[in-house]
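Subject: Structure for you to look over

Hello,

I am handing over the structure below, with notes on what was found in it. Please read the notes with the structure open.

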Amino acid sequence: MKGIGVDIIDLERLDIHNLNFVKHILSPKEYQIFTKMNSPKRQLEFLGGRFAGKEAYMKACHVGIGAMAFHDIEILNDESGAPYLHDSHAHISISHENKYAIAFVLLEK
Ligand SMILES: CC(C)(COP(=O)(O)OP(=O)(O)OC[C@H]1O[C@@H](n2cnc3c(N)ncnc32)[C@H](O)[C@@H]1OP(=O)(O)O)[C@@H](O)C(=O)NCCC(=O)NCCS
């Protein structure tokens with residue numbers, strides 16, 4: 001299936017200290033990366049980018065929240081820092097600035 005999806009997140013809505021919530025959003029590998037980050041600002045950006053990226057991926061797949069678990073979707077970064085999804089047919093771009101994180105996903109097949 002082809003599709004596009006976009007999502008924007010207000011970072012103030014996210015609580016990086018609620019680890020149950022964080023684990024609900026992040027895959028186990030993402031959670032490991034999150035716990036090794038030493039700045040709360042970087043953790044918030046990372047979590048917000050993943051949250052927005054996963055919602056954008058669900059939109060690109062034409063499914064709503066609830067059809068997939070957030071922690072089953074994985075967004076890692078390659079050696080250049082570029083993000084990639086567990087789904088090799090999906091392309092993702094993430095940005096964050098001050099209060100917001102935004103992500104765009106393109107599903108090619
Ligand atoms: C890509 C870059 C311009 C983004 O900078 P920015 O405007 O300060 O940051 P933004 O908030 O808009 O974007 C940050 C997100 O960009 C993405 N990103 C980082 N590096 C990237 C890259 N090389 N290509 C595509 N996306 C990239 C990441 O998803 C990152 O968020 P995350 O780390 O939480 O996943 C900057 O990170 C950069 O110049 N990186 C160096 C890339 C590089 O020179 N790589 C080496 C050779 S390819």
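Asn98 is found in the loop between E4 and strand E5 (100-108). Helices (H or I, at least four residues) and strands (E, at least two) are DSSP runs, numbered from the N terminus. This is a predicted model, in which local features need pLDDT of at least 70, side-chain atom pairs count only at pLDDT 80 or more, and totals for chains, interfaces and linings use all residues. Residues are numbered from 1 along each chain as its sequence is written, and side-chain values use heavy atoms, with hydrogens and water left out.

Backbone angles

Phi of Asn98 is near 45°, a positive value in a residue other than glycine. Most residues other than glycine have a negative phi. Asn98 is exposed, at a relative accessible area of 72%. Here buried means under 20% relative accessible area, exposed over 50%, and partly exposed in between (1.4 Å probe, protein chains only).

His62 also deserves a look. His62 is not a glycine, yet has a positive phi of about 60°. The loop between H3 and strand E2 (75-77) holds His62, and with 56% relative accessibility His62 counts as exposed.

The ligand

Which residues surround the ligand? They are Arg42, Arg50, Asn77, Ser80, Gly81, Ala82, Pro83, Ile94, Ser95 and His96. A residue is near a molecule or strand if one of its heavy atoms lies within 4 Å of it. By class, the shell around the ligand consists of three nonpolar, five polar and two charged residues. For these classes, Ala, Val, Leu, Ile, Met, Phe, Trp, Tyr, Cys and Pro count as nonpolar, Asp, Glu, Lys and Arg as charged, and the others, Gly among them, as polar.

Helix H3 (40-60) and strand E4 (90-97) each supply at least two residues of this shell. The largest share, three residues, comes from E4.

- A polar side-chain atom of Arg42 is 2.7 Å from an oxygen atom of the ligand.
- An N or O atom in the side chain of Ser95 is 2.7 Å from an oxygen atom of the ligand.
- A polar backbone atom of Ser80 is 3.2 Å from a nitrogen atom of the ligand.

On its own the ligand has 870 Å² of accessible area, and the protein covers 42% of that. Accessible areas come from the Shrake-Rupley method with a 1.4 Å probe; for residues, only the protein chains shown count as cover.

Salt bridges

How many salt bridges does the structure hold? There are six, a salt bridge being a side-chain nitrogen of Lys or Arg within 4 Å of a carboxyl oxygen of Asp or Glu.

One of them joins the side chains of Lys59 and Asp7 (3.3 Å, N to O). Lys59 lies in helix H3 and Asp7 in strand E1 (residues 2-10), so the pair ties together parts that are 52 residues apart in sequence. Lys59 is partly exposed, with a relative accessible area of 41%, whereas Asp7 is buried at 10%.

Glu45 takes part in a salt bridge with Lys41 (3.0 Å, N to O) and in another with Arg42 (3.3 Å, N to O). Glu45 and Lys41 are four residues apart in helix H3, which means a separation of about one helical turn. Glu45 and Arg42 are three residues apart in helix H3, again separated by about one helical turn. Glu45 is buried, with a relative accessible area of 16%; Lys41 is exposed at 60%, and Arg42 is partly exposed at 34%. Salt bridges with shared partners also join Asp10, Glu12 and Lys99 into one network.

Glu30

Is Glu30 buried or exposed? Glu30 is buried, with a relative accessible area of 0%. Helix H2 (residues 28-36) contains Glu30, and the side chain of Glu30 reaches the backbone nitrogen of Ser27 at 2.7 Å. Leaving out residues up to four places away in sequence, Glu30 touches Ile25, Phe46, Arg50, Lys54, Ile73, Glu74, Ile75 and Leu76, where contact means heavy atoms within 4.5 Å.

Regards

Technical notes. A polar contact is a pair of N or O atoms within 3.5 Å; within protein, one must be able to donate a hydrogen and the other to accept it, and residues adjacent in sequence count only if both atoms are side-chain atoms.
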